[in-house]
Amino acid sequence: MRVKVLIPVFNRLEHTRKVIAALRAQTVVDSIRIVVIDDGSTDETAEFLAAQPDVTSIRGDGNLWWGGAIEVGLKRVLPDCGPEDYILFVNNDTWFGPTYVETLIRCSRENGDAIVGSVVHEEESDPPLTGVGPRLNINRIAVWDILAELSEEERRNPKPLYKADALSGRGTLFPAELFKRHGTMRPRFLPHYMADYEISMRFARTGVQLLVSSEAIVYSPPVYGAHVSNTSSWKKHFGRRSPHNVFQRAAFYSLIGTPLQRLTAPLRMAAFMIIRTAHTLRAKK
């Protein structure tokens, strides 16, 4: 059994150092193979990676984005994966304790080779739990976090497992065989945001469980991912780095759900955007 860890990076070398150190400290470190996809970093990331004998580095040209970087990583590692192996998606702005990977493996095996995601604990947050896993209402084009459904008490003392509708790339373990059977990423349609949700939901449609273990914790700095509160409306809705990118959201909803839901996704997106904009404008009056 081996765990191939795929980490897409662009600059932020201090984060990359930290996540690699966390992987080297794992209880199952002898089973871990670290693969970093460096998508054209302009800091000292390339030089650092070249000096790490236990890290496989793949260099991109800056146009891979998250989905493309993961796809390149999968193409590198899948030919060497056996039926007992796993693929772990990790972002470089996370870190975790020494039993993290062991916990993910155990949870997957105990639940019929499930796909297992992680909870997010954020620095300086009280309670520290700031993310569990996605809930989706495909008909209403809505996504929210399971965290919103939990009481204050449960946020401080979460259940061991939660069933999610999708899983993110911030720490998700997949049985490697799933990619061989059902395909890999779709970077042409989803180069960045929603790519992780789509692949996990595609596998779920084959009967695989999507679970989140509250014992598998990834720690994050107070600011991580994409924050668009201070960006222009144009960049918020059309910028490649924005999770609200209209084109990527349309592509995502056109790839999931029933055939009718896929066909009507753009129309429903437009309708709900108008409705929600109207509600926002009324609320400001």
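## Exercises on a predicted model

In this predicted model, the axes of helix 9 (residues 246-253) and helix 10 (residues 259-284) cross at roughly 140 degrees and come within 8 Å.

**Exercise 1.** Classify the orientation of helix 9 to helix 10, state the hand of the crossing of these two helices, and describe which residues make the contact.

*Solution.* Begin with the crossing angle, which is roughly 140 degrees. Angles over 145 degrees count as roughly antiparallel and those of 65 to 115 as roughly perpendicular, and the angle found here therefore makes helix 9 oblique to helix 10. Next comes the hand: helix 9 passes helix 10 in a right-handed crossing. The residues that make the contact are Val 246, Arg 249, Ala 250 and Tyr 253 on the side of helix 9, and Gln 261, Arg 262, Ala 265, Met 269 and Met 273 on the side of helix 10. Sorted by class, this contact of helix 9 with helix 10 comprises six nonpolar residues, one polar residue and two charged residues.

**Exercise 2.** Determine in which sense strand 5 and strand 9 pair with strand 11, and how many residues of strand 11 are buried.

*Solution.* Take strand 5 (residues 115-122) to begin with: it pairs with strand 11 in the parallel sense, over eight bridges, and Val 120 has Val 218 of strand 11 as its bridge partner. Then turn to strand 9 (residues 161-163), which pairs with strand 11 in the antiparallel sense over three bridges; here Leu 161 has Ser 213 of strand 11 as its bridge partner. As for burial, strand 11 (residues 210-220) is mostly covered, with nine of its eleven residues buried.

Technical notes. Residues are numbered from 1 along each chain as its sequence is written. This is a predicted model: local features need pLDDT of at least 70, side-chain atom pairs count only at pLDDT 80 or more; totals for chains, interfaces and linings use all residues. Side-chain values use heavy atoms; hydrogens and water are left out. Axes are lines fitted to C-alpha atoms, for helices over the stretch in contact, and angles run from 0 to 180 degrees between N-to-C directions. Helices (H or I, at least four residues) and strands (E, at least two) are DSSP runs, numbered from the N terminus. Angles under 35 degrees count as roughly parallel, over 145 as roughly antiparallel, 65 to 115 as roughly perpendicular and the rest as oblique. A crossing is left-handed if the near helix is turned anticlockwise from the far one by less than a right angle, and right-handed if clockwise. Contact means heavy atoms within 4.5 Å. Ala, Val, Leu, Ile, Met, Phe, Trp, Tyr, Cys and Pro count as nonpolar, Asp, Glu, Lys and Arg as charged, and the others, Gly among them, as polar. Buried means under 20% relative accessible area, exposed over 50%, partly exposed in between (1.4 Å probe, protein chains only). Two strands pair if DSSP finds at least two bridges between them.
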